[in-house]
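My entries follow the order in which I checked them.

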Amino acid sequence: MAPITTSREEYDEIPTVVGIFSAFGLVFTVSLFAWICCQRKSSKSNKTPPYKFVHVLKGVDIYPENLNSKKKFGADDKNEVKNKPAVPKNSLHLDLEKRDLNGNFPKTNLKPGSPSDLENATPKLFLEGEKEAVSPDSLKSSTSLSSEEKQEKLGTLFFSLEYNFEKKAFVVNIKEARGLPAMDEQSMTSDPYIKMTILPEKKHKVKTRVLRKTLDPAFDETFTFYGIPYTQIQELALHFTILSFDRFSRDDIIGEVLIPLSGIELSGGKMLMNREIIKRNVRKSSGRGELLISLCYQSTTNTLTVVVLKARHLPKSDVSGLSDPYVKVNLYHAKKRISKKKTHVKKCTPNAVFNELFVFDIPCEGLEDISVEFLVLDSERGSRNEVIGQLVLGAAAEGTGGEHWKEICDYPRRQIAKWHVLCDG
């Protein structure tokens, strides 16, 4: 057989064919990658951000759908134009103006648009079951002030209310506060900020930033709450708490403002309002004493560590003038008791030191449905033990009980201790 021979031209054609196929493959790969990126980008842009509410700070809107007009601060609200040229959704703008060293805007002459029927509006009975302690005196009307409160001159709060029917959103803009009292005796000024809660369910809790060393803070912060039907607005109330930040101790409460929304019609557009700040009437202790509790939530093992440390200023409940206290700890899941423990009895003392640790296994992920009840009792032989005081810690607890619970949820694996005032059992 004759040997098979291959010409030199055939060997030269092979690299050329391989190069052509490689070039086509590279072009196809790049085109496919670019198409996938475009598809992902378009799908992301169509998704609605899962926000319960939107916070607009100093003219910067973090919600792209709301960037349809340029917001000017420090100007008269009468000059606001409803129809302005739209701004691209992906662009953020900040209207920079001259401000003082504290970041405050120039004062504006706001004309309140409050209806006359709001002056006589009274809140409904749902406020009786609030989670925070709102005084009954402040529930009458935040506009009716006693002579003592007027003399204190706690200042005035300016804000606006609006309802967006297209997006079914309730919009609250906290504009400014004027004439606040000085909470720092050395500098004769305050570091104010505002907490706002929508009652009665209190699902929405927001707060402004802290403005340093000013008695006339201009916040101009907007909070947008989604999923609130317009028919439900009349059943709600706004509770503003004005505070002064203190770096070394608990923040000072300047006062509060309560606005029942029954009687306020927001169908006509934005409504400018102002209310005098009244003194907050905090519930006084009934003399049940105090309890020092330390909590730690272990998210990895899903356990809650409770340490009953001390009790002090317990009332006299015995004929001899002294009580024999001990603490009963009950763990609840969705209002059902799932575990209980108790400390040893401390004989004849109003200031007991327990230092006893208990570990509870949490049956669910997280602490949303969990609460802990502490009952301080007086041990009595031959009769039923009398309850000296009660304390509840949980997400739905009011006062320091709710604050303590929020801290252990925000900072897991950290042991946090707080004193709590006992209430009637």
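These are my notes, from the whole chain down to single residues.

**Ground rules.** I am working on a predicted model, where local features need pLDDT of at least 70, side-chain atom pairs count only at pLDDT 80 or more, and totals for chains, interfaces and linings use all residues. Residues are numbered from 1 along each chain as its sequence is written, and side-chain values use heavy atoms, with hydrogens and water left out.

**Whole chain.** I found four helices and 18 strands. Helices (H or I, at least four residues) and strands (E, at least two) are DSSP runs, numbered from the N terminus. Of the 425 residues, 39% count as buried. Buried means under 20% relative accessible area, with exposed over 50% and partly exposed in between (1.4 Å probe, protein chains only). I then looked at contacts (heavy atoms within 4.5 Å). Among those with a separation of 6 or more, 66% join residues 24 or more positions apart.

**Strands E8 and E9.** I looked up strand E9 (residues 252-260) next. Seven of its nine residues are buried, so E9 is largely enclosed by the rest of the structure. Strand E8 (residues 237-244) runs antiparallel to E9, and eight bridges join them. Two strands pair if DSSP finds at least two bridges between them.

**Cores.** Which residues have the most contacts inside the largest nonpolar core? They are Leu161, Phe170 and Phe240, in a core of 33 residues. Such a core is a set of buried Ala, Val, Leu, Ile, Met, Phe, Trp, Tyr and Cys residues joined through side-chain atoms within 4.5 Å. Elements giving it two or more residues include strand E3 (156-164), strand E4 (169-178), E8 and E9. I listed the neighbours of Phe240, leaving out residues up to four places away in sequence; among them are Leu157, Val172, Ile194, Val257 and Ile259. A second, separate core has 30 residues, including Ala311 and Ile408.

**Open sheet.** I traced four strands in the order E15-E12-E11-E18, with antiparallel pairing. Strand E15 (353-361) and strand E18 (416-421) stand at the edges with a single partner strand each, so one side of each is left without a neighbour in the sheet. Seven bridges join strand E12 (residues 303-312) to E15. Val306 stands opposite Phe358 in E15. Helix H4 (residues 400-410) packs on this sheet and touches strand E11 (290-298), E12 and E18. The direction of H4 makes about 170° with that of E18. Axes are lines fitted to C-alpha atoms, for helices over the stretch in contact, and angles run from 0 to 180 degrees between N-to-C directions.
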